[in-house]
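Trainee: I would like to go through this entry and ask what stands behind each label.
Mentor: Go ahead.

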Amino acid sequence: MEWKGRRQSDNVEDRRGSSTGRSGMGRDPFGRSGIQIPSGGRRGGGMSIGTIVFLIVIYFVLKMMGIDMLQLLGDGSMQQQGSGYEQSVGERPSQPASDEMTAFVRTVLAETEDTWNGIFKAAGETYEEPTLVLFAGRTASACGTASSATGPFYCPGDRKVYLDTDFFRELSNRFGASGDFAEAYVVAHEVGHHVQNLTGILPKFNQMRQSMSEVEANQMSVRVELQADCFAGIWGKYTEQKGLLESGDLEEALNAARQIGDDTLQKRSQGYVVPDSFNHGTSAQRMKWFKRGFDSGKVEACDTFSGSI
């Protein structure tokens, strides 16, 4: 993929200077935990009434002891603990790294912005660009803790894509899906989930899953994931039309889709498959829908919710 020298997105939040912990052992860098849709409960944010009352009582007790919690919080002497990382209050996020991987991610994100801005504009709509968070080990998200074990994912709660910096190396070394266009495909897939969020597909799925059995929710999740693959294919088509694809790029993306199929991953990890547990689609399905988006370049070709998949 000819990406060097092109526009880089400013919508990248680099948290690698504030992330803590490395939990890469046994991780799955393909986001098998899904798109991290909040299930309606309180995850990673919000307090109960009881918790608030308790904190108020603690505040006044400490006040009577001569300890002013508000002053301590104001001068940055205490550590704020989120669900996944620690950062001093008032501490500035680390500056974005200038390494090649960061430049690549920024460029791919910019290309997705160009693609979806154009598609939304043609439909008379405005595309709201997502933020991509780079982190190392773990960090906080509106969907709970983001860790290297979950792999890349999109959180509709804060409209951000989360990507661990070691992901691309493991993508190649552990799963045999090498190449810059394979890496770009995964970023474009997560951005596809953002498009689904903007168009109401993810909120509807989140609502429906509350009344579904686990098997039914998995089956619907597969359709959601395959549509994101198809949207990634649309981005690939626009990238080809710009003359940015090199020989073998399409094959890299299709190989990545093959390697991350539920059946392929289950055969590799446990030697057999359990179809009812699939939530991303088989290798054949993922390749099929990415190719459908790539061949058509049309959103209407990505209807994974009608008929068979």
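Trainee: What does the accessible surface of the protein chain come to, and what share belongs to carbon and sulfur atoms?
Mentor: The accessible surface comes to about 14800 Å², with 51% belonging to carbon and sulfur atoms. Such areas come from the Shrake-Rupley method with a 1.4 Å probe, and for residues only the protein chains shown count as cover. This is a predicted model, in which local features need pLDDT of at least 70, side-chain atom pairs count only at pLDDT 80 or more, and totals for chains, interfaces and linings use all residues. Residues are numbered from 1 along each chain as its sequence is written, and side-chain values use heavy atoms, with hydrogens and water left out.

Trainee: Where is confidence lowest in the protein chain, and where highest?
Mentor: pLDDT is the predictor's confidence in each residue, from 0 to 100. Its mean is lowest in strand β2 (residues 79-81), at 28, and highest in helix α10 (residues 283-296), at 98. Helices (H or I, at least four residues) and strands (E, at least two) are DSSP runs, numbered from the N terminus. The chain averages 80, and 74% of the residues score at least 70. Over residues 39-97 pLDDT stays under 50. Where pLDDT is low, the predicted coordinates should not be read in detail.

Trainee: Why is Asn197 called buried?
Mentor: Buried means under 20% relative accessible area, exposed over 50%, and partly exposed in between (1.4 Å probe, protein chains only). Asn197 has 9%, so it is buried. This residue is in helix α5 (residues 180-198). Leaving aside residues up to four places away in sequence, Asn197 touches Tyr154, Pro156, Arg159, Leu202 and Pro203, a contact being heavy atoms within 4.5 Å.

Trainee: What makes Asp99 and Arg16 a salt bridge?
Mentor: The rule asks for a side-chain nitrogen of Lys or Arg within 4 Å of a carboxyl oxygen of Asp or Glu. For Asp99 and Arg16 the closest N and O atoms are 3.7 Å apart, and the pair counts as a salt bridge. Asp99 lies in the loop between β3 and α3 and Arg16 in the loop between β1 (12-14) and α1 (49-64), so the pair ties together parts that are 83 residues apart in sequence. Asp99 itself is partly exposed, because its relative accessible area is 27%.

Trainee: Which side chain meets that of Lys242 in a salt bridge?
Mentor: That of Glu111, at 2.6 Å from N to O. The two are 131 residues apart, Lys242 in the loop between α7 (214-241) and α8 (249-259) and Glu111 in helix α3. Glu111 is buried, with a relative accessible area of 2%, whereas Lys242 is partly exposed at 36%. Both belong to a network of salt bridges that also links Arg6, Arg7, Glu113 and Asp114.

Trainee: What lies 2.9 Å from a polar atom of the Asp263 side chain?
Mentor: The backbone nitrogen of Ser283 does. Asp263 is in helix α9 (residues 262-270), and its contacts beyond four places in sequence are Val273, Phe278, Thr282 and Ser283.

Terms used: Polar contact = N/O pair within 3.5 Å; in protein donor to acceptor, adjacent residues only side chain to side chain.
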